[in-house]
Amino acid sequence: MAEWLYEEGIGECRAALVEKGAILEAQIERERRLVLPGATAQGRLVRTLIPKKRGIVRLDSGEEVLLEPIPPKVAEGSVVVVDILRAAIPEEGRAKLAKGRIAAPGTRPHPGPSLLQRLRETEFPVVPCPAHAEDQLEAHGWSELLDEAASGEVGSEDAALRIFPTPAMVLIDVDGSLPPAQLGPKGAKLAALAIRRMGLTGSIGIDLPTMNNKDERLIAATQIDKLLPLPFDRTAVNGFGFIQIIRKRERMSLMELLREDPVMNAAMALLRKAERHGTGGAVTIVGAPAAIDMLYKATDWIRQLETRRGGKVTLRPDASLSLSAGHMA
């Protein structure tokens, strides 16, 4: 039976739904002040973009949220309580604001559910993975999945994906050495698995090879129906091998998270290594200057690490190391 592996790290929490040694889904939730989906927050309507349809609410926290629609009696300057439907999502060129709607009368502000709370609401058991125990995430291919999400490259020579997030949609290009009749279904299978593992949502376009007949295209589409959990909507595979999938979009995908801030990724990786290094006590973290500088400024994270290890933490920049490299001394 599938189960959630849950790791409460420093600066971020991590989870992987695993079954038979493979990761089916993966999620990372980082410490941030931004509002989470499922929250209800108070703010003020500061700007109307389209009368009665769309405006900007500045929450008491300072974060701005896109409000749709604007009730008739709500004017600029009004204090409002908003249900958060979607978290803020980074996009090339500009960030996509969190999105909300006016809450029902009498609704009190409250935070959105955390990653752990969301996991507990699923049908699968949650297994804690403390730092002093065996690295269960890594044993199931955690680092390999993060590399795929960061690079957008999945698969091998016979069938491979290249994944491109754009403001309009996520585009998945399928290529490989197999004949089209075989590459189509295998590419669709790889795409469905990658969509689930990386939490890709919104509008997703998959460019499969051009297949000769309707039956071949149907076989490819069936792979997606078999492997991608509902709810989602999709088109048929057209004559050019293109299929579009729509999944509800509430938060950033693993790919968007990892591409948002490479320095943060490096700092999180160093903290994870440091927490698991040896049997505790003092440790020196050696890493690229940019990552070490971020850790210097994150004094709370370092204090947490010292408490968990029971010893002093020293930071040492090494200009010869790449951002993704680093070790403990």
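## What counts as a pocket

A pocket here is an open set of points on a 1 Å grid, with protein on both sides within 12 Å along at least five of seven lines. The model to which this is applied is predicted.

## The largest pocket

By that criterion, the largest pocket has a volume of about 1200 Å³, and 40 residues line it, with Gln 27, Arg 118, Thr 201, Glu 250 and Arg 251 lying nearest its centre. Two or more lining residues are given by each of strand 3 (22-30), strand 7 (79-86), helix 1 (115-120), helix 4 (180-198) and helix 6 (254-260). Strand 3 supplies the largest share, which amounts to six residues.

In terms of residue class, the lining of the largest pocket divides into 22 nonpolar, six polar and 12 charged residues.

## The second largest pocket

The second largest pocket holds about 630 Å³ of space, and of the 26 residues in its lining, Leu 146, Asp 147, Asn 265, Ala 269 and Ser 324 are the closest to its centre. The elements that give two or more residues to this lining are strand 2 (12-19), strand 3, helix 3 (142-151), helix 6 and helix 7 (262-276). Helix 7 provides the largest share of the lining of the second largest pocket, with nine residues.

The lining of the second largest pocket comprises 12 nonpolar, four polar and 10 charged residues.

## Elements found in both linings

Strand 3 and helix 6 each give two or more residues to the lining of the largest pocket, and strand 3 and helix 6 also each give two or more to that of the second largest pocket.

Definitions and conventions. Residues numbered from 1 in each chain as written. Predicted model: local features only at pLDDT ≥ 70, side-chain atom pairs only at ≥ 80, totals over all residues. Heavy atoms only, no water. 1 Å grid on protein atoms, 1.4 Å probe; cavity = no way out; pocket = protein on both sides within 12 Å on 5 of 7 lines; lining within 4 Å. Points joined across faces, edges and corners; volume = space filled by probe spheres on them. Helix = DSSP H or I, 4+ residues; strand = E, 2+ residues; numbered from the N terminus. Nonpolar A, V, L, I, M, F, W, Y, C, P; charged D, E, K, R; others polar.
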